[in-house]
Amino acid sequence: MIKVLDVPLNEDLSEFAEFLWQHEIPHRILEQGGQQQLWVARTVDPQQIATLFQMWQQGSSLDDVQVVHQTRGNRIALSWSQVWLTISLIIASLGFSFLIGMGQNFEYLRLFTITNVVEQQGQLFTTELSETFRTGELWRLITPIFLHFSLMHVLFNLLWVWVVGSKVEYLQGRVALLGLVLFSGIISNLAQYLISGPMFGGMSGVVFALLAYAWFWDKRNPRHAIGLPPALMGFMLVYLVLGYTGVLESFGFGAIANTAHLVGLLSGLLFVPLGELVARKAN
């Protein structure tokens with residue numbers, strides 16, 4: 001984001017902030033060094049916003065003003081600095097998935113499952129979840145989201161991580177995205193473990209959380225919408241049902257962690273109030 005201007009702490013910017021939201025201008029108002037700082041997205045001309053602010057201060061009407069977004073075609077051009085967390089999630093998923101050989105490299109795989117897995121005389125034995133906490137290997141609670149067991153699965157998941165995750169990070173900040181990923185990832189991993197044991201993986205639970213979060217957020221906050229098509233919720237539910245029927249496995253997706261999908265969806269819905277709290281603090 002780009003800083004536009006500094007104003008005194010005693011100046012009420014709520015009316016101008018409402019104008020920015022009405023024109024779908026991503027922005028932040030922060031307190032720093034005894035002043036308020038107005039920041040806007042890089043897709044907006046900061047000089048234009050500064051001029052509009054001066055007009056607003058002088059009492060001029062902004063009702064008929066049109067704000068021009070600097071876009072390429074109809075899509076926002078995002079830089080690494082704006083969505084580096086989303087890109088990092090994608091790189092980590094690819095890296096972990098290829099490191100474990102899509103599940104074929106057992107010695108690496110066992111390092112990142114939710115509980116340790118030991119092979120003895122051709123049989124697999126797992127430790128209890130309590131052992132993960134006792135040994136301090138708490139990374140195991142989240143790392144299963146980066147493990148994928150087929151190329152189709154990893155590419156499908158990462159497409160949605162990019163489409164939805166980048167919008168959440170860009171519009172609401174990486175704190176909101178990181179919180180959602182950790183919250184949904186850990187809860188969906190724990191739920192899947194209770195149903196199937198530790199041999200599972202994939203970003204699908206987080207993907208379901210992202211889609212559910214975006215859908216419910218837009219329902220509750222239409223003025224500050226993330227802007228995903230509402231039909232995606234229907235697609236998500238159909239995909240969830242197909243997972244339980246076994247159809248997806250026949251298309252090369254491997255064993256489907258259906259519990260992680262369902263719990264991920266629910267955690268995305270539950271995270272919306274927390275996301276709203278983060279947004280209020282940021283603005």
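User: Is E107 buried or exposed?
Analyst: This is a predicted model. E107 has a relative accessible area of 52%, so E107 is exposed, the cut-off being over 50%.

User: Which side chain does E107 meet in a salt bridge?
Analyst: That of R110, at 4.0 Å, N to O.

User: How many salt bridges does the structure hold?
Analyst: Six. Among them is the one between R134 and E131, at 2.6 Å.

User: How are R134 and E131 placed in helix 5?
Analyst: They are three residues apart, which means about one helical turn between them. R134 is exposed at 62%, while E131 is partly exposed at 28%.

User: What about R220, which side chain does that one meet?
Analyst: The R220 side chain forms a salt bridge with E276, 2.8 Å from N to O. This pair links distant parts of the chain, 56 residues apart, with R220 in helix 8 and E276 in helix 10. R220 is partly exposed at 42% relative accessibility, whereas E276 is buried at 11%.

User: Switching to helix 9. Which residues are buried there?
Analyst: L232, M233, M236, Y239, L240 and G243. They lie on the same side of helix 9 because they cover an arc of only 120 degrees around the axis.

User: And what is on the face turned away from the buried side?
Analyst: The exposed residues A231, V241 and T245.

User: Last one: what does Q172 contact, leaving aside neighbours within four places in sequence?
Analyst: R28, K167, Y213, W217 and I226. Q172 lies in helix 6 and counts as buried, at 9% relative accessibility.

Methods. Residues numbered from 1 in each chain as written. Predicted model: local features only at pLDDT ≥ 70, side-chain atom pairs only at ≥ 80, totals over all residues. Heavy atoms only, no water. Buried < 20%, exposed > 50% of the residue type's maximum accessible area, 1.4 Å probe, protein only. Helix = DSSP H or I, 4+ residues; strand = E, 2+ residues; numbered from the N terminus. Arc of directions from axis to C-beta. Contact = heavy atoms within 4.5 Å.
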